[in-house]
Structure formats: structure tokens, C-alpha cells
Amino acid sequence: MPQQKPLLLVVDDDPALVRLVSLNLELDGYQVVTAANGKTAIELIQKEQPALVLLDVMMPGMDGFQTCTRVREFSEIPIIMLTAKGGVEDVVRGLDIGADDYVIKPFSITELLARIKAVLQRSKFPQEAAQPPFISGQLSINFVHHQVTIDDKEVMLPPTEYRILCLLARNAGRVITHDHLLTEVWGKEYRGDTHILQVAVARLRKKLGDDSGNPKYIATRPGIGYTLRKPKDQGCPQNNGGDQVACATGVDSSKAE
């Protein structure tokens, strides 16, 4: 018997769109609950604990941005914003307040299903092979236990930000390009979507207490990518499998200035 897919919450004040999206999600095997406004959505998230939320931006009363902000006060549940606005400012605003992804209306069901699958996959922590912790200054990463600490205090990171940090840590001292980060963390269909990467890195830096203007850990190489400070007296990490590819696509940070 095939494994049942998780419960999703669809939030939109357009009944026709809710019916269309819900029907197609159910045909694809998902369980679905719906809400027509932000208040009901918050109540359902707390009660039903869905695996993911599809959240419309333009709703009367509590709009999608306000709802997302409220949800992030108590939950890291994955959120995909559904918006008719294609402007960069609206996309960045949604990502900045905690949305995991966005889909611009009108969208195809195929695109929506692909985004849902990708976000659900990213919401799981990666399986790690046994390897020594990464330590750079006050930053420590325990790969086996998915634990990040700063000055011995645990930093809670959602899976996407944790994946970014681990990829940079395994290639410390090298610049990892925007497209490589997007492909490895989000998927190949996200290549070129630098907005979603920039916002995720900004959130990660904030949680690490890092300053983009004077970084202790993550440095930006404009137009190229990002690099994580290499621990002292440590050479290039010994990579295998997928990490070998990551190092190969990195750029020596001393040559990227």
C-alpha cells in the first residue's frame, strides 16, 4: 500500500481557487484542509498541525503577510505564498518574514505540485554520515545531531538554513556560487532565483549574530556567491560523494576578491 501523503492547509478567500487547488492536491494523494482567512488559518495550524501551508497574500482583514508573521511566532511550518503580485518587493517581503517559497498567480498545477514537493523535501534534515564537528571561532556544527552552537549556546535553524550552513562549512575557505547553493539546497529548478537565496542567507546571518558588513563567518562575494571562514590550521575539507562536486564548483576565496 502506498504511503499516504501529508496534510496540507490551503488559505485563500477565493472559493473557486480553493476548490481547484484542493481537488488537484487530493488527486495527487494529499490530505487537505482549507481556510478563507488568516484567523481561521492560525487556528487550523495549531489544531491540525499540517505539514505545509499554501497562503494567499491578498486577503481581507489579516492578509497573507500578517498571517505569516503571526505563524512564525509559534511555528516553523513550511509556508508557500500564493501571490498575484510579481514584483520583487512583494516576493522579498514574503521571504523576509519567514515564507519558504512563493508561487505567482496564475500558476499551473504542475508547477504548484513541484514546489510543494521541493519544500516538503527541504523541510527534513539531511541524513549525515559520521564526521567530526566543524569549528570556526565560536561557531560549532555537529553534523550527526544537526546541532549548531555559537559560544556553546544552541542556535535553532530550520532545515533550509541548516543545509546552507553545512554546504558552506564543508567547503570552508572556498566561494560557493549562487547557482550551486540554489541547486544543492532548493533544487535545479531554482537556479537563478537569487532573491530566495539572499533572504535565506540574511536570516541565517542574523541567527548566527553575523554582520554582512564585517562578517565573522559568512562573507559575500558580490556577483559570485558566499564563503564561510575557514578554521585556523585546517586545510581544504576531505570530501567525498556530493561534497566533492560542491568543492569543485567553488571558487578559491583568495581569488574572488
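Residues are numbered from 1 along each chain as its sequence is written. Because the model is predicted, local features require a pLDDT of at least 70 and side-chain atom pairs a pLDDT of 80 or more, whereas totals for chains, interfaces and linings use all residues, and side-chain values rest on heavy atoms, with hydrogens and water left out.

The protein chain contains 9 helices and 13 strands, assigned as DSSP runs (helices, H or I, at least four residues; strands, E, at least two) and numbered from the N terminus. Of its 257 residues, 49% are buried; buried denotes under 20% relative accessible area, exposed over 50%, and partly exposed the range in between (1.4 Å probe, protein chains only). The accessible surface amounts to about 13200 Å², with 51% belonging to carbon and sulfur atoms, as computed by the Shrake-Rupley method with a 1.4 Å probe; for residues, only the protein chains shown count as cover. Among contacts (heavy atoms within 4.5 Å) with a separation of 6 or more, 61% link residues 24 or more positions apart.

Nonpolar cores were defined as sets of buried Ala, Val, Leu, Ile, Met, Phe, Trp, Tyr and Cys residues joined through side-chain atoms within 4.5 Å. The largest comprises 57 residues, and Leu 139 and Ile 141 have the most contacts inside it. Beyond its neighbours within four places in sequence, Ile 141 contacts Pro 133, Phe 134, Gln 147, Val 148, Tyr 162, Leu 165, Cys 166 and Ala 169. A second, separate core of 19 residues includes Leu 8, Val 10, Val 103 and Ile 116.

Several local backbone features were identified. Lys 105 and Pro 106 are joined by a cis peptide bond with omega of about -5°, and Pro 106 occupies the loop between strand E5 (101-104) and helix H5 (109-122). Positive phi values in residues other than glycine occur at His 146, near 55°, and at Asp 152, near 70°. His 146 lies in the loop between strand E7 (139-142) and strand E8 (147-150) and is partly exposed, at 25% relative accessible area. Asp 152, in the loop between E8 and strand E9 (153-155), is exposed, at 74%.

Pro 159 belongs to helix H6 (residues 159-169) and is buried, with 14% relative accessibility. Although 34 residues separate Pro 159 from Phe 125 in sequence, their C-alpha atoms are 5.2 Å apart. Excluding residues up to four places away in sequence, Pro 159 touches Arg 122, Ser 123, Lys 124 and Phe 125.
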